[in-house]
Amino acid sequence: TAVFSTGNGFRAAWHLGETSNPSFDATANHADAGWLNGPASTTGYIGNGLNFANGAGQGATGTNGKYL
């Protein structure tokens, strides 16, 4: 079974380990998240991550508009 199963109430889950846009949803909903205003790929605690600390309204938005 999937770790982030929609049957367990997960609507979307992003690991944020991609090094380029978008961040892929780990659920069956495929609500991938597009990056806003250039967050930087960085080294995370486990694998890659995204740095939203640069300001300028950085973030991510669901590409299908449903979840964020």
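Trainee: Is Gly 7 buried or exposed here?
Mentor: In this predicted model, Gly 7 counts as exposed, because its relative accessibility is 68% and the cut-off for exposed is over 50%.

Trainee: Where is Gly 7 placed?
Mentor: Gly 7 sits in the segment that comes before strand β1, which covers residues 33–36.

Trainee: And how far apart are Gly 7 and Thr 27 in space?
Mentor: Going from C-alpha to C-alpha, Gly 7 and Thr 27 are 10.0 Å apart in space, while in sequence they are 20 residues apart.

Trainee: New topic: what about Gln 58, buried or exposed?
Mentor: Gln 58 is buried, because its relative accessible area is 16% and buried means under 20%; as for its place, Gln 58 lies in the loop between β3 and β4, the latter being residues 59–62.

Trainee: Which residues is Gln 58 in contact with, leaving aside its neighbours within four places in sequence?
Mentor: Those residues are Leu 36, Asn 37, Gly 38, Pro 39, Asn 51, Phe 52 and Ala 53.

Trainee: Which backbone oxygens lie by a polar atom of the Gln 58 side chain?
Mentor: The backbone oxygen of Asn 37 lies 3.2 Å from a polar atom of that side chain, and the backbone oxygen of Gly 38 lies 3.0 Å from a polar atom of the side chain of Gln 58.

Trainee: Okay, strands now: in which sense do β2 and β3 pair?
Mentor: Strand β2, residues 40–43, pairs with strand β3, residues 48–51, in the antiparallel sense over 4 bridges, and Thr 43 has Asn 48 in β3 as its bridge partner.

Trainee: What's in the turn of that hairpin?
Mentor: There are 4 residues between β2 and β3, and Gly 47 in the turn has a positive phi of about 75°.

Conventions. Residues numbered from 1 in each chain as written. Predicted model: local features only at pLDDT ≥ 70, side-chain atom pairs only at ≥ 80, totals over all residues. Heavy atoms only, no water. Pairing = 2+ DSSP bridges. Helix = DSSP H or I, 4+ residues; strand = E, 2+ residues; numbered from the N terminus. Buried < 20%, exposed > 50% of the residue type's maximum accessible area, 1.4 Å probe, protein only. Polar contact = N/O pair within 3.5 Å; in protein donor to acceptor, adjacent residues only side chain to side chain. Contact = heavy atoms within 4.5 Å.
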